[in-house]
Structures are given as C-alpha cells and as structure tokens.
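I opened this model to look up a few packing and pairing details. My notes are below.

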Amino acid sequence: MPISRLFDLSDKSHAPRLVLKVGSALLVGKEGVRREWLTGLVAEIAAARARGQQVIVVSSGAIALGAATLGLDKGGRGSLADAQAAAAVGQIALSGLWAELLGSHGLTAAQMLLTLEDLEDRRRYLNVTATLTRLLDAGAVPVINENDSVATNEIRFGDNDRLAARVAQAAQASAVLLLSDIDGLYDRHPKEPGARMIPVVEGVTAEVHAMASAESNSGMGSGGMISKLQAAEIAELAGIALVIGNGQHDRPVARIVDEGIGTLFLPRRKTGARKAWLGGRLRLKGSIVVDDGAAAALLRGSSLLAKGITGVSGAFLRGDPVAIEDGQGRVLAHGLSEYDAAECEQIRGHHSSEQADILGYAPRSSVVHRDQLVLK
C-alpha cells in the first residue's frame, strides 16, 4: 500500500521497513551525548519493532564524538585528517551507545560502515543488500554510518542524508525519515517573514530545489536542505517515500507521525532495481550532450543513438555511467555507455550506417541502450 500521509509511517502495512536517519547535532550537544533524548528515540524504535516494522538506523555522530574525546577544533572537521582520526575514535563510542540502548529493549544492534564505493559499485551494492536483508530477517537493527576513517573527499557521501536514501534503496525500504534541526521544507528560508512549510511534495522539481538552503542550523553536521532534496530524488526514483522532520523534540517520531508535522516527499515513479541503482548514483564518469530530437526520443523511451549527440565530456570507458544532458545543461538521464569517450566523440552526429567506416568495426546498436538508461 502506498504511503500518502505522515501517519502511514506507523502502519506496518504501509511501511513494513523504515530507514531512520539521525543527525550529529541531535546525538551530540555541547555537553556530550544527549543520552536522555536518544533513550526516548530508541524507545520509539522499539515500539515500531513491536508493531511489526523493521528499522534501519543511519546514525551520524562519530566525528563529533571522536573530536570531543581527542580535543579537536571545529568538531573534528577542520581537515580531512582530523575527520578521519575523530571518526576512528568516535565510531567505537557510537556503536557501543546504540548497542547498549537497543539492548535494553531486547534488540540486537549490528554495525555497518559504508563508503560511497560500496553503493556505487554494482557488485558491492548487491552485497550490501544481501547483508541488510539477512540482518533484518534475523531480527537485528542495522546501525549504519559512512566509514569516515578511510573515506576521502573524492570517495565519500559527505552527508548521511543521501547515504540514508541509498541504504533505503538497497534495503528495499518503504520510507526514509530524516531527523534534522528543522520541521521540514519551507517555501523560502525559514527565517524570512511569511515562510511556509510545505507538507507534501509530489516530485522534486527545479522549483522545489529553489526553496532549499545549504545551511545547517547546528553547524555540527554536513548536510543542509540541499542534501536532503538530493536524498529525496534518490528515494523517489526507487518508489520510496521520504520525510524531513524535526528531531530536536522529545519522542520526535511521534511528533512527526502522530501530529503530522513534517514534509512528506511522495515517490513519482518506481523503476526496476537496476535502474533505481543507476539513477541514484552520485558519481558519473562523464556526460553526453544531445540535440532536441534525441532529447524528445529519450523521453518517449527510446535508446540514445550517435546521430543525436552534439557533445562529449569526461574520460569514460565502455560500461561507465554517464549523464545525458540537453543543450541547456539540464540532466535528462543517467545511463551506461556502450562506447568510450573517444569513440563517442568520433561517431557523434553520424548515422549508424556510417559508424563502421569511422570506427573500423561493426557498431553497437546504440550509444546508451534504453535498458541501461533511467530518466531523471
């Protein structure tokens, strides 16, 4: 049954599997761990489990906890080395805290540390899916964080909002609940007079993106509203609902769900598992620009042919993920290229009948086949 309102998140028939993301500022305050608040949240997780729902936690806080222990400035985010060192120390404390509090309700915590590459590489993504499925079937509560002790700026999510959406995708969850420091998405900066919270969003459009701010009120986390909208885009492609709600209150899930205070992003469509994985990728190896005719054909469900290509950028190989853009720079689709970048450059604008003479071998039927392409 599709989720159409916030209250559906407490119904196992609508939301049998939930992903709950907890931000750093909610877990760690100026005096250290906000234990009383977290104890209340864990009680809410236990209540969901008692209703028959499975719960996955994506938990920030390792860097903040480690920075406090090591005495590092800027919450451990002064440099990449500081963040890695803080995460290495803080992750022990964080996992122990979750294990202790979940254990008090008879629940078993299972730690998983992921990097961007674990969810961008197809084989490793499927391994993550298999592990999550087995843990949930065994009755555990997976507690997931980015592996910040080894992740670099080039191979990291950088925020747990998008990580939560990708985990939900891998776990085939029903919904993602992002606990943050704000009630939801506002039509303008919430500090501006007359700002209005948007209760329901049916598809993340350019107009919705224009409402977002990169600010995070706490200054401790790494994700503002922009990262949350990117997470919503990943979720909606996989047919997963996403909610942004304020976690600063006691028993925050009940406030969001029972009182209906938050923003619910409804999925626009649901693609197959492979296409959802492809559409949710955050790292692409290049881009292909197409003319108006090719853009229209893609929207009708056609493959991308060389004749419609007007530009190529990046250093991608055959099988690499690329963005397909129109002449105004709008991303139309993501897809796996059947040619490398140099070959695409050679054959762009040419009919299929000409490609064998250009390349010296019989061409493949399309540059990006529709089965390896997902519209954005």
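The entries go element by element, after a note on the ground rules.

**Ground rules.** The model is predicted, so I took local features only at pLDDT of at least 70 and side-chain atom pairs only at pLDDT 80 or more, while totals for chains, interfaces and linings use all residues. Numbering starts from 1 along each chain as its sequence is written, and side-chain values use heavy atoms, with hydrogens and water left out. Helices (H or I, at least four residues) and strands (E, at least two) are DSSP runs, numbered from the N terminus.

**Strand 9.** I began with strand 9, residues 241-246. I found 6 of its 6 residues buried; buried means under 20% relative accessible area, exposed over 50%, partly exposed in between, with a 1.4 Å probe and protein chains only. Ala-241, Val-243 and Gly-245 point one way, and Leu-242, Ile-244 and Asn-246 the other. In a regular strand, side chains alternate between the two faces of the sheet.

Next I checked its partners. Strands pair if DSSP finds at least two bridges between them. Strand 7 (residues 175-180) pairs with strand 9 in the parallel sense over 6 bridges. Leu-179 stands opposite Gly-245 there. Strand 10 (residues 263-266) pairs with strand 9 in the antiparallel sense over 3 bridges. Ile-244 has Thr-263 as its bridge partner in strand 10.

**Helix 10.** I then looked at helix 10, residues 252-259. Its buried residues include Pro-252, Val-253 and Ile-256. The buried residues of helix 10 pack against strand 1 (17-22), helix 2 (35-50), strand 7 and strand 9. Just after the helix, Gly-260 takes a positive phi of about 70°.

**Helix pairs.** How do helix 3 and helix 4 cross? The axes of helix 3 (residues 62-70) and helix 4 (residues 80-103) come within 6 Å and cross at roughly 100°. Axes are lines fitted to C-alpha atoms, for helices over the stretch in contact, and angles run from 0 to 180 degrees between N-to-C directions. The two helices are therefore roughly perpendicular; angles under 35 degrees count as roughly parallel, over 145 as roughly antiparallel, 65 to 115 as roughly perpendicular and the rest as oblique. The residues of this contact divide into 12 nonpolar, 4 polar and no charged. Here Ala, Val, Leu, Ile, Met, Phe, Trp, Tyr, Cys and Pro count as nonpolar, Asp, Glu, Lys and Arg as charged, and the others, Gly among them, as polar.

Helix 6 (residues 122-137) and helix 7 (residues 160-171) pack at about 70°, axes 8 Å apart. Helix 6 is thus roughly perpendicular to helix 7. Tyr-125, Val-128, Thr-129 and Leu-132 in helix 6 meet Arg-166, Val-167, Gln-169, Ala-170 and Ala-171 in helix 7; contact means heavy atoms within 4.5 Å. I noted 6 nonpolar, 2 polar and 1 charged among the residues of this contact.

I traced 5 strands in the order 12-11-13-14-15, with mixed pairing. Strand 12 (309-314) and strand 15 (373-375) stand at the edges with a single partner each, so one side of each has no neighbour in the sheet. Neighbouring strands are turned by 20° against each other on average, direction ignored. Strand 11 (residues 286-290) and strand 13 (residues 321-325) pair in the parallel sense over 4 bridges. Ser-287 has Ala-323 as its bridge partner.

**Glu-338.** Last, I checked Glu-338, in the loop between strand 14 (331-336) and helix 13 (341-347). At 18% relative accessibility, Glu-338 counts as buried. Not counting residues up to four places away in sequence, Glu-338 touches Arg-318, Arg-364, Ser-366 and Val-367. Its side chain makes a polar contact with that of Arg-318 at 3.3 Å. A polar contact is a pair of N or O atoms within 3.5 Å; within protein, one must be able to donate a hydrogen and the other to accept it, and residues adjacent in sequence count only if both atoms are side-chain atoms.
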